[in-house]
Structure formats: C-alpha cells, structure tokens
Amino acid sequence: MQQDKAKEVAFWDKRALKKAYAAFLEIEYRSVLANALGGDLTGKRVLDIGCASGRSCIVFKEMGAEVQGIDISPMLVGQA
C-alpha cells in the first residue's frame, strides 16, 4: 500500500492543533534515552526523524549532542 502523504500531514497537523505532541512523557524520554545511549552524547550528532514537537530533541541536546529534527507535519516542526 502506498503512503498518502497529504493525509498523513493532515492527520499530524490536526494532532498538533490539539496539543504539543510527544509519544512519551518527558521523564520516559530521559529514562529510555539514558538507558539506550548512556548519559553522555557530547560530540555526537543526532538526526531525530519524526521529531514531533521536539521533546526528544531537547533531551538529546541536554545529553550533549548536536541535534537536527525533522517531521512530516509542518505544524509539529513549528512547535519544535
């Protein structure tokens, strides 16, 4: 099945209108990322694909990484 990007953008933009979207609570982001990657990302570069409102980007940055985030939803990128 082929992806209908226009429908996907509309879906995520609608979510963005309701609230700043994030898949996890901030404490969950911190815990999962620290356990998976260790605590220090100094000198590392991270590309967050599907960054939504950017909460995980903030955590990566606080861990010392240089971060770029992208998302299919322009509204979510605006929140980020």
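This is a predicted model: local features need pLDDT of at least 70, side-chain atom pairs count only at pLDDT 80 or more; totals for chains, interfaces and linings use all residues.
Biologist: How many helices and strands does the chain have?

Modeller: Helices (H or I, at least four residues) and strands (E, at least two) are DSSP runs numbered from the N terminus. The chain has 4 helices and 2 strands, and along the sequence they follow the pattern α-α-β-α-β-α.

Biologist: Which residues gather in the patch of positive charge on the surface?

Modeller: Lys and Arg count as positive and Asp and Glu as negative, with His and the chain ends not counted. A patch is made of residues with over 30% relative accessible area and no salt bridge, where like charges are joined within 9 Å and nonpolar side chains (Val, Leu, Ile, Met, Phe, Trp, Tyr) within 5 Å. Here the positive patch is formed by Lys-14, Arg-15, Lys-18, Lys-19 and Arg-55, and helix 1 (residues 5–18) gives the most to it, with 3 residues.

Biologist: Is Lys-14 buried or exposed?

Modeller: Buried means under 20% relative accessible area, exposed over 50%, and partly exposed in between (1.4 Å probe, protein chains only). Lys-14, which lies in helix 1, has a relative accessible area of 54% and is therefore exposed.

Biologist: Which side chain of opposite charge is nearest to Asp-13?

Modeller: A salt bridge is a side-chain nitrogen of Lys or Arg within 4 Å of a carboxyl oxygen of Asp or Glu. Asp-13, also found in helix 1, is buried yet has no salt bridge, and the nearest side chain of opposite charge, Arg-15, is 11 Å away. Contact means heavy atoms within 4.5 Å, and Asp-13 touches Ser-73, Pro-74 and Met-75 when residues up to four places away in sequence are not counted.

Biologist: Where does Gly-38 lie, and what is it in contact with?

Modeller: Gly-38 lies in the loop between helix 2 (26–37) and strand 1 (45–49), and it counts as partly exposed because its relative accessibility is 29%. Leaving aside neighbours within four places in sequence, Gly-38 is in contact with Leu-33 and Met-63; the C-alpha atoms of Gly-38 and Met-63, 25 residues apart along the chain, are separated by 9.0 Å.

Key:
Residues are numbered from 1 along each chain as its sequence is written. Side-chain values use heavy atoms; hydrogens and water are left out. Accessible areas come from the Shrake-Rupley method with a 1.4 Å probe; for residues, only the protein chains shown count as cover. The place of a charge is taken as NZ of Lys, CZ of Arg, CG of Asp or CD of Glu.
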